[in-house]
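Please keep the viewer open and follow the stops below in order, selecting the residues as they are named.

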Amino acid sequence: SPPKRGKAEMRAFLEAMAGGISDIRWRIYNHAVSGDRIFLEGADDFVTNADKRRVAIPYMGIMRFRGPLICEWRDYFDRALFDRLKAGDPVPPEIAVLLERPGVP
């Protein structure tokens, strides 16, 4: 999807996303810091409010900081899998195995 630019666009995106999901279980499995960036391996796991479908998908994220504030945020994930899960397909077994790993405390 196109990048969100500035606080207003990001706030609108996050508010719309938060209003459309529930039963949220976001997990981080691994992370690494390099300079002003943090690299995150995790899983987004939630239920859509509109049709009660589970979306559980691994992702890789990168956040860049300017002081204590996030100034850039990128996520990488399998969009085709995301679309299939939103359409009602079950979580594939190979993805379910990845989701069962313990998160970072």
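Which residues lie nearest the centre of the largest pocket? Select Lys4, Met10, Phe13, Trp73 and Asp75, which lie nearest that centre among the 38 residues of the lining. Before going further, note that this is a predicted model, in which local features need pLDDT of at least 70 and side-chain atom pairs count only at pLDDT 80 or more, while totals for chains, interfaces and linings use all residues. Residues are numbered from 1 along each chain as its sequence is written, and side-chain values use heavy atoms, with hydrogens and water left out.

A pocket here is an open set of points on a 1 Å grid over the protein atoms alone, where a 1.4 Å probe fits and protein lies on both sides within 12 Å along at least five of seven lines; lining residues have an atom within 4 Å of a point. The largest pocket holds about 1,700 Å³ of space, a volume being the space filled by probe spheres set on the points, which are joined across faces, edges and corners.

Next, colour the elements that each supply at least two residues of this lining: α1 (6-19), β2 (27-34), β3 (37-48), β4 (54-66), β5 (69-76) and α2 (79-86). Helices (H or I, at least four residues) and strands (E, at least two) are DSSP runs, numbered from the N terminus. The lining divides into 22 nonpolar residues (Ala, Val, Leu, Ile, Met, Phe, Trp, Tyr, Cys and Pro), twelve charged ones (Asp, Glu, Lys and Arg) and four polar ones (the others, Gly among them).

Now turn to the salt bridges, each a side-chain nitrogen of Lys or Arg within 4 Å of a carboxyl oxygen of Asp or Glu; the count comes to nine. Select Asp36 and Arg64, whose side chains meet in a salt bridge at 4.0 Å, N to O. Because Asp36 lies in the loop between β2 and β3 and Arg64 in strand β4, the pair ties together parts that are 28 residues apart in sequence. Asp36 is partly exposed at 33% relative accessibility (partly exposed lies between buried, under 20% relative accessible area, and exposed, over 50%, with a 1.4 Å probe and protein chains only), and Arg64 is also partly exposed, at 21%.

Move on to Arg101 and Glu41, where the closest N and O atoms of the salt bridge are 3.2 Å apart. Arg101 lies in the segment after α3 (93-99) and Glu41 in strand β3, so this pair ties together parts 60 residues apart in sequence.

Finally, select Arg53 and Asp51, which form a salt bridge with closest N and O atoms 3.3 Å apart, and then Asp36, Arg37, Arg64, Glu72 and Arg74, which salt bridges with shared partners join into one network.
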